[in-house]
Structure formats: structure tokens, C-alpha cells
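Here is a friendly note to read alongside your first look at this protein. Please keep the picture open and follow the points one by one.

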Amino acid sequence: MSLELSHVRKSFDSFQALKDINLSVGPHDFVCLLGPSGCGKTTLLRIIAGLLQADEGEILFAGQDLSQMPPRSRNFGIVFQSYSLFPNMTVRENIGYGLRIRREPADRIAARVDELLHLIRIPDMAERFPWQLSGGQQQRVAIARALAVNPRLILLDEPLSALDARVRNEMRHEIREVQRRLKIPTIMVTHDQEEALMLADTIVCMNNGVIEQVGSPQALYHAPKTRFVADFIGLSNLLPPDWVRPHAPEVLEANPPPADASDWLLCVRPEHIRLEADADGPAIVRSATFLGNLCRMTLHWGGMDLQVEQHAASAYHEGDRVRPVINPAHGCWVAA
Ligand SMILES: Nc1ncnc2c1ncn2[C@@H]1O[C@H](COP(=O)(O)OP(=O)(O)OP(=O)(O)O)[C@@H](O)[C@H]1O
């Protein structure tokens with residue numbers, strides 16, 4: 001079952017939070033809505049959930065128009081940033097809640113809850129209350145509660161942002177594994193690019209109420225189409241053609257800019273610049289940061305500061321003169 005959004009718009013008074021959103025989510029897709037704070041991610045998720053009404057546009061799920069369908073009839077599972085568990089109910093009661101209000105028989109509810117407790121790896125905690133659980137465990141319960149009713153679509157609004165880095169990382173793997181196993185289409189809001197790169201089949205990169213680019217994590221990293229995407233996902237060096245021409249002519253030759261060069265910048269990732277030791281080299285290492293296996297250096301070259309990453313073993317030090325070589329195979333042009 002797939003979700004199709006066309007020409008969705010939403011304003012709050014005179015502020016346009018979503019400008020013209022077109023998006024399709026395939027039947028097994030894990031989609032991340034990624035973008036900075038205020039770009040409209042949560043607004044879009046709430047419209048899909050039915051918690052907020054779009055001003056214009058069409059939303060179809062499995063070919064059916066959702067505009068007049070109340071949230072409960074949509075049968076979507078929703079997990080918010082704050083765990084929002086019912087504090088006076090045990091884990092078992094929380095997970096079974098949706099099934100109880102649908103008047104499922106008690107033995108079916110018990111069996112389904114047990115199954116989900118195993119799926120989310122907290123089989124022994126059924127009789128605890130939310131306050132007796134860690135943040136990560138509470139969020140597992142919230143996910144199980146959303147899954148209990150066999151949702152047709154899962155909507156996750158920054159579900160991991162309240163957790164510490166270690167638990168967050170562990171839960172990313174688990175969410176991905178559960179989604180792969182259940183094959184339920186999933187849309188997750190995040191402002192964390194690492195999370196989106198790790199989890200998503202498709203990243204929807206948003207900025208100021210518009211979708212800048214939709215694509216696989218690899219496509220967004222290796223072939224960003226706009227300056228915003230190149231900047232927001234990973235580190236990038238954005239080089240004007242007038243700078244590239246004298247400093248790296250071979251790159252221009254291999255990869256000429258599209259028609260009107262003045263509107264474009266060459267995006268070069270830090271790992272695609274190699275440094276050679278050269279006392280007469282045109283660049284100087286301004287700073288070097290040790291990152292374990294990698295060393296990240298800031299290079300001053302031709303009046304610009306560039307980010308370069310190399311294996312720590314072949315790194316240089318602050319003050320070293322070097323000759324940088326941009327790999328001509330890897331640059332891509334982005335709209336300035
Ligand atoms: N009910 C509302 N009334 C007025 N403005 C709103 C309302 N809800 C959201 N906005 C505005 O719409 C814009 C988009 O908000 P939204 O919550 O969708 O952003 P977001 O991308 O999810 O950001 P964050 O990552 O901070 O949650 C923001 O500028 C916000 O201030």
C-alpha cells in the first residue's frame with residue numbers, strides 16, 4: 001500500500017509552513033523527513049496522520065482519499081518524541097490499549113502483547129509501569145503500542161531524540177530491523193542526518209516548507225542537487241567555477257559545469273581531496289583534528305578554506321605545506 005501526496009500546502013496565518021509538497025511513499029519504504037528545525041517536517045507528518053488539516057492538496061493512501069477520514073479510521077501507528085505512555089497503565093495494558101478499544105477478545109490481546117514484548121526485546125517487563133522503565137524501554141513500549149493494531153503505515157516523530165547516544169544508536173538498529181521484518185511503510189521525522197543516512201531507504205530533505213531533494217542516502221550524499229542539500233548532509237566544499245578553473249583545471253575538464261556557470265558550485269566531499277607533501281605546495285594546513293581512524297583537516301588554498309579527510313596514518317599537521325589533488329571523478333555541480 002502506498003501513500004501519494006500532491007500539491008499539499010499549509011499556512012499558519014500568513015506563514016507558509018508547507019509550500020507545494022509532492023511525495024510518494026512505496027509499500028515497504030522507510031522514508032525519513034530530514035531538515036533543520038522549523039522546516040515543516042512535523043507539520044507534514046501531522047497532516048498525514050490526520051491530526052492537522054492541509055489547506056490544499058490531495059493525500060491518497062492505497063488509492064483512497066484521506067482528506068475526510070478521521071485519524072482513527074486511517075489505522076496508522078504513531079510514535080511521538082515524548083513517550084506519551086499512559087502513566088497509570090502497565091506495559092501490558094499500554095501495548096494492548098488499541099486492541100481493547102477495538103473490543104478484541106482478551107486471549108487474543110494477551111497473545112499479541114506477548115508477541116510484541118518479544119519483538120521489542122523486553123519480555124520480562126509486562127507488569128511494570130512506565131515510571132519503572134528507562135527512556136529507551138519506554139520508547140520501545142510506545143513502538144509496540146503503535147504496532148499492536150497492525151497499522152497500515154507507521155509515523156515516527158523524532159522518536160529517539162530524547163535518548164542518550166548509545167541507546168539511540170541501539171534503537172536505530174532495532175527500528176530498522178523491525179520495519180524490515182514487518183514491511184510496513186514508515187515515515188520518520190528527524191533533524192539528524194546520521195540517523196536518516198543510517199535508517200532510510202529514501203530521504204526527503206526539506207528546507208523552508210519545500211522539498212529540496214528526494215533520493216536514497218547514497219544519492220543525496222554523492223549527488224546533491226542543491227547547495228542546501230550538499231551543506232546539510234555530510235561535510236562539503238562548495239567551490240565556484242572561477243576558483244576551480246585556476247586551481248583544479250583537470251576537474252573542470254572531466255566535469256564541466258552546466259550551461260550558466262555563475263549559478264553553480266562544485267561540491268567536493270572532504271574524502272575526495274588527496275594531499276601530497278610538498279614544501280612548495282599551494283596550500284597550508286590550518287588545523288588538524290584527530291577523529292580516531294580519520295583526521296579532518298582545514299586547508300587554506302587559493303584564498304579558500306577547504307575541509308579534507310584522510311586516514312589518520314597519512315595525516316598532516318598544522319602549518320604543513322601540501323599539494324592538494326581533487327579527484328576529478330567525484331565532484332558534482334549544485335545550484336548555488
Ligand atoms: N500551530 C502553529 N501555529 C503557528 N505556527 C506553527 C504552528 N505549528 C507549526 N508552526 C510553524 O511552522 C513551521 C514548521 O513547523 P514544524 O513543527 O513542522 O517544523 P519542524 O521541521 O518539525 O521543526 P522541529 O524539528 O523544530 O520540530 C515553524 O516555523 C513553526 O513555528
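1. Start with Gln 68, which lies in the loop between β5 and α2 (71-74). Helices here are DSSP runs of H or I with at least four residues, strands are runs of E with at least two, and both are numbered from the N terminus. Gln 68 is exposed, with 7 other C-beta atoms within 10 Å. Gly 50 is 18 residues away from Gln 68 in sequence, and their C-alpha atoms are 8.9 Å apart in space.

2. A word on what you are looking at. This is a predicted model, in which local features need pLDDT of at least 70 and side-chain atom pairs count only at pLDDT 80 or more, while totals for chains, interfaces and linings use all residues. Residues are numbered from 1 along each chain as its sequence is written.

3. Now zoom out. The protein has eleven helices and 18 strands, and its C-alpha atoms fill a box of roughly 80 × 45 × 35 Å along the principal axes. Of its 336 residues, 37% count as buried. Take the contacts (C-beta atoms, placed from the backbone, within 7 Å) between residues at least 6 apart in sequence: 67% of them join residues at least 24 apart.

4. Which residues of α4 are buried? They are Ile 109, Arg 112, Val 113, Leu 116 and Leu 117. Seen down the axis of α4, these buried residues fall within an arc of 140° (taken from the directions from the helix axis to the C-beta atoms), so they line one face of the helix. An α-helix has 3.6 residues a turn, so residues three or four places apart point the same way. On the other side of α4, Asp 107, Arg 108, Ala 111 and His 118 are exposed. The cover over the buried residues includes α3 (91-101) and α5 (135-147).

5. The largest nonpolar core has 88 residues. Such a core is a set of buried Ala, Val, Leu, Ile, Met, Phe, Trp, Tyr and Cys residues joined through C-beta atoms within 7 Å. α5 gives the most to this core, with six residues. Leu 155 is among the residues with the most contacts inside the core. Not counting residues up to four places away in sequence, Leu 155 touches Leu 45, Ile 48, Ala 49, Phe 76, Ile 78 and Ile 187.

6. Next, find the ligand. The residues around the ligand (C-beta atom, placed from the backbone, within 6 Å) include Phe 12, Gly 35, Lys 41, Thr 42, Thr 43 and His 191. α1 gives the most to this shell, with three residues. By class, the shell has four nonpolar, seven polar and one charged residues.

7. Finally, two loops deserve a look. Ala 62 has a positive phi of about 50° although it is not a glycine, and this residue is found in the loop between β4 (56-61) and β5 (64-65). Asn 208, also not a glycine, has a positive phi of about 50° and is found in the loop between β9 (202-207) and β10 (210-215). Are these residues exposed or partly exposed? Ala 62 is exposed, with 12 other C-beta atoms within 10 Å, whereas Asn 208, with 15 C-beta neighbours inside 10 Å, counts as partly exposed.

Definitions and conventions. A residue is buried if 20 or more other C-beta atoms lie within 10 Å of its own, exposed if 12 or fewer, and partly exposed in between; C-beta atoms are placed from the backbone. Two residues are in contact if their C-beta atoms, placed from the backbone, lie within 7 Å. Ala, Val, Leu, Ile, Met, Phe, Trp, Tyr, Cys and Pro count as nonpolar, Asp, Glu, Lys and Arg as charged, and the others, Gly among them, as polar.
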